[in-house]
Amino acid sequence: MAEPWLNPDCTTMVLHAHDKGYRLSVSTTLAGMDLRDIEELEHIPFDAFILHAPDNTQQMRLTVDEDYLRRLERLVSGRMRHLSYKRFGDLHPAAADLLKGVPEAIWPLMNRANNLVSEDGVQAPKKTGFIRCHRTRNNVLLPNGDVALCCNDYGLQHILGNLTTGTYEELFHGKEFRRVRKGMADSDAEILCRYCSEPCMKIH
């Protein structure tokens, strides 16, 4: 639920996961990352390395200074696999030249499946019908070992299990994960996914 490289051991953990043969994706603003981190990660064949880029209206609240631009330039000019960026508004002019040629995606600001309140107080309506989303496998590991369903689960509504007491594979055979999967086919179910506005959410 926070910037991965605010943990000083993040690069060590990523390298460890890669050495164990896991497929990896990264989503970051570069906060907490330094030039050495970028250099140590460039050999990893990431499925995706997504940069949350600064915008001109500070919807993404980043400090765009010489240090940030130095790191951004190193990232873009290097060999990072499957690098792309997303933005929530017009790209910050100091970053625009550096990001030319990098694939981009414009995402709307989201209320994290009604876990956050918008300025106008409007909440997302409940979705009906059969829904599905690949983020059911993009889980969030918390410091105590608990694993939440996804990065929209700010309220920790769906704790799938705990990695200090069970295995990763067991998360997807437990009671809570089965409840979420069943709820995706049941319009009456009260699960987080029924209020999610992520672009990856599909309704049938």
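Residues are numbered from 1 along each chain as its sequence is written. In this predicted model, local features need pLDDT of at least 70, side-chain atom pairs count only at pLDDT 80 or more, and totals for chains, interfaces and linings use all residues, while side-chain values use heavy atoms, without hydrogens and water.

**Stop 1: helix α1**

Select residues 10-19, which form helix α1. Helices here are DSSP runs of H or I with at least four residues, strands are runs of E with at least two, and both are numbered from the N terminus. Colour C10, T11, V14 and A17: these are the buried residues of α1. Buried means under 20% relative accessible area, exposed over 50%, and partly exposed in between (1.4 Å probe, protein chains only). Now look down the axis of α1. The buried residues fall within an arc of 125 degrees, so they line one face of the helix. That arc is taken from the directions from the helix axis to the C-beta atoms.

Next, select T12 and D19. Both are exposed, on the other side of α1.

**Stop 2: around α1**

Show residues 35-41, helix α2. The buried residues of α1 pack against α2 (contact means heavy atoms within 4.5 Å). Then pick G21, which follows α1 and has a positive phi, near 90 degrees.

**Stop 3: the sheet**

Four strands form an open, parallel sheet in the order β1-β2-β3-β4. Two strands pair if DSSP finds at least two bridges between them. Select 25-28 and 104-106: these are the edge strands β1 and β4, each pairing on one side only.

Finish at β3, residues 83-87, which three bridges join to β4. Which residue stands opposite Y85 in β4? Select E104 to see it.
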